[in-house]
Amino acid sequence: MGQTKNVVNSNRYFPKADKVLEFEKALAAHAQKYHTGDWKWRVYEIQSGPDAGGYHVAEGPTSWEASDTRGNLGAAHNTDWNKTVAVYLTDKASSVYSVFVDSLSNVQLTDYSDKIIINHMYPKPGMINGVIELVKRLKNVWKSGNESVAVYQAVSSGEPQMITVTRLKGGLKELADGYRKPLPERYNAANGAGSWDNYLADYSKYVESRWSELLFYRADLSSK
């Protein structure tokens, strides 16, 4: 049976304030010893937003079929995590399963960058299809502005959520005024005159809330 590797499990960990260095050392050793192949880790340091100071650990991509037989990676793995890493953590943590949506993205799943912006968009009840339609319209804008954006949909992980990850291929300079034309101008150019006002009207109709954050990749803490 074919297995589509488009599933990512993202876990967030928050070390104790006085144990950050010990946590980083233990996390890197654990990732590089136990997490390879389908269970490879990419570790990001969260720079802004409500989770600033935490670490975003993306495992995969893998398939649902492979996840069925993943298990807990064995007793040695669990002992190492609990004895060498978890001892430095606070009680705060989160875990999300998400599926990469190729039809909504304009970059390949594994075409990563070192700096990313994650936007979390939560639809109003019964409005998930409306939010998907909003993202479809944005794809034309990303393409015209040479933006690299990967789109994911959360699965069985709390409130329904569409996740867009802007991969800042050019670095933080992409956020500077003048690097690109203003979004409303680009949107109207891509989707027709007056379309930005229609987008905003539909946004207020379909979207319950939204928040974003900036993350930096930590190659030194990730799987090799």
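This is a predicted model: local features need pLDDT of at least 70, side-chain atom pairs count only at pLDDT 80 or more; totals for chains, interfaces and linings use all residues.
User: Is S156 buried or exposed?

Analyst: S156 counts as exposed, because its relative accessibility is 78%. Residues are numbered from 1 along each chain as its sequence is written, and side-chain values use heavy atoms, with hydrogens and water left out.

User: Where is S156 found?

Analyst: S156 is in the loop between β6 (148–154) and β7 (162–167). Helices (H or I, at least four residues) and strands (E, at least two) are DSSP runs, numbered from the N terminus.

User: What about the phi of S156?

Analyst: Start with the general idea. Most residues other than glycine have a negative phi, and most peptide bonds are trans. S156 is not a glycine, yet its phi is positive, about 50°. L73 also has a positive phi, near 65°, and is a residue other than glycine. L73 sits in the loop between α2 (64–68) and α3 (75–85). With 27% relative accessibility, L73 counts as partly exposed.

User: Which peptide bond is cis?

Analyst: The bond from G60 to P61 is cis, with omega near 5°. P61 is placed in strand β3 (residues 55–62).

User: How many salt bridges are there?

Analyst: Again, the general idea leads. Side chains of opposite charge can pair when their charged atoms come close. A salt bridge here is a side-chain nitrogen of Lys or Arg within 4 Å of a carboxyl oxygen of Asp or Glu. By this rule the count is 14.

User: What does R218 pair with?

Analyst: R218 forms a salt bridge with E24, and the closest N and O atoms are 3.0 Å apart. R218 lies in the segment after β8 (207–217) and E24 in helix α1 (residues 20–34), so the pair ties together parts 194 residues apart in sequence. Both R218 and E24 are buried. R218 also meets E45 in a salt bridge (2.8 Å, N to O). E45 is in strand β2 (residues 41–46), so this pair ties together parts 173 residues apart in sequence. E45 is partly exposed, at 24% relative accessible area. R218 forms a salt bridge with D220 as well, with the closest N and O atoms 2.9 Å apart. D220 is partly exposed, at 42%.

User: Which residues do shared partners join into one network?

Analyst: Salt bridges that share partners join R12, D51, K92 and E213 into one network.

Note on methods: Buried means under 20% relative accessible area, exposed over 50%, partly exposed in between (1.4 Å probe, protein chains only).
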